[in-house]
Amino acid sequence: MEIYLVRHTTPDVPKGTCYGQSDLPLAMGYQKDLAQTQSLLPEKLGAVYSSPLLRCKTLAWELEGEINFDARLKELNFGDWELKKWEDIPKEQLNPWMESYVELAPPKGESYLQLAERVKAFWNELLEKELDTVAIISHGGVIRALLSIILDLDLKNSFKLQIDYGSVSQVSINQKQITIQYINKV
Ligand SMILES: Cc1cc2ncn([C@H]3O[C@H](COP(=O)(O)O)[C@@H](O)[C@H]3O)c2cc1C
């Protein structure tokens, strides 16, 4: 099975905004970005799994393959911080979270560990399926969590992996042997 992990292209949001599960559209001129990302993917895909958020859906709709929207592929739920400027989040909330975002959740949101658990459940189900070529259209946090699961990497180290907007990372699975072919191709 060949699995392409795709981060959505640039969203339409002012710099410095916390936007985890907020449903943003893509930035103006997004068609060019979509075409670039699409050029990194095979033309025919056995299946496309996508986050149901618009910034991922817009690319999924362009791809040739059966589309499945799965809420487990959404970005971290930032709760009360959604659409706030990072600099406007009270420091007494933000600082402890910055130190321990793996275990701590923003108010009314979820921790990175909770995200990784739902992503792992999705991943284990996918591995049971007999598919040839799969694209997963998702978010920076989700893709890093997936790569951490594959590499057995501590989640707190996953932000050392650069995952750009519109990037593709490829994973091959051959008789249960998992190999990462590349990370963050743009
Ligand atoms: C633990 C964690 C810490 C983060 N800090 C910022 N973001 C990021 O998450 C969102 C980006 O996702 P997208 O790929 O949809 O652009 C933004 O709010 C960004 O600040 C984080 C995400 C996670 C999981």
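Select serine 22 and glutamate 82 and display their side chains: a polar contact of 2.5 Å joins the two. A polar contact here is a pair of N or O atoms within 3.5 Å; within protein, one atom must be able to donate a hydrogen and the other to accept it, and residues adjacent in sequence count only if both atoms are side-chain atoms. Serine 22 belongs to the loop between strand S1 (2–7) and helix H1 (30–38). Helices (H or I, at least four residues) and strands (E, at least two) are DSSP runs, numbered from the N terminus. Serine 22 counts as buried because its relative accessibility is 10%. The term buried means under 20% relative accessible area, exposed means over 50%, and partly exposed lies in between (1.4 Å probe, protein chains only).

The model is predicted, so local features need pLDDT of at least 70 and side-chain atom pairs count only at pLDDT 80 or more, while totals for chains, interfaces and linings use all residues. Residues are numbered from 1 along each chain as its sequence is written, and side-chain values use heavy atoms, with hydrogens and water left out.

**The ligand**

Next, select the ligand. How many residues surround the ligand, and which are the closest? There are 18 of them, and the closest are Arg7, Tyr19, Glu75, His139 and Gly140. A residue is near a molecule if one of its heavy atoms lies within 4 Å of it. By class, this shell holds 10 nonpolar, 5 polar and 3 charged residues. Ala, Val, Leu, Ile, Met, Phe, Trp, Tyr, Cys and Pro count as nonpolar, Asp, Glu, Lys and Arg as charged, and the others, Gly among them, as polar.

- Arginine 7 places a polar side-chain atom 2.7 Å from a ligand oxygen atom.
- Arginine 55 has a polar side-chain atom 2.8 Å from an oxygen atom of the ligand.
- Glutamate 75 has a side-chain N or O atom at 2.7 Å from a ligand oxygen atom.

The ligand taken alone exposes 530 Å², of which the protein buries 88%. Accessible areas come from the Shrake-Rupley method with a 1.4 Å probe; for residues, only the protein chains shown count as cover.

**Helix H4**

From glutamate 75, move to tyrosine 112: the two are 37 residues apart in sequence, and their C-alpha atoms are 9.7 Å apart in space. Tyrosine 112 lies in helix H4 (residues 112–128) and counts as buried because its relative accessibility is 4%. Arginine 118 lies in helix H4 as well. Is arginine 118 buried or exposed? At 16% relative accessibility, arginine 118 counts as buried. Its C-alpha atom is separated by 9.6 Å from that of valine 142, which is 24 residues away along the chain.

Select serine 138 in strand S4 (residues 133–138). Serine 138 is buried, at 0% relative accessibility, and its C-alpha atom is 5.9 Å from that of leucine 73, 65 residues apart in sequence.

Serine 167 comes next, in the loop between helix H5 (140–151) and S5; its relative accessible area is 1%, so it is buried. What does the side chain of serine 167 contact? A polar contact of 3.1 Å joins it to the side chain of asparagine 184. A polar atom of the serine 167 side chain also lies 2.8 Å from the backbone oxygen of aspartate 164.

Aspartate 164 is in the loop between H5 and S5 too and is partly exposed, with a relative accessible area of 26%.

**The loop between S5 and S6**

Finally, select glutamine 175, in the loop between strand S5 (168–174) and strand S6 (177–185), and lysine 176, in the loop between S5 and S6. Most residues other than glycine have a negative phi. Phi of glutamine 175, however, is positive, near 45°, and lysine 176 has a positive phi of about 70°. Glutamine 175 is exposed, with a relative accessible area of 78%; lysine 176 is exposed, with a relative accessible area of 78%.
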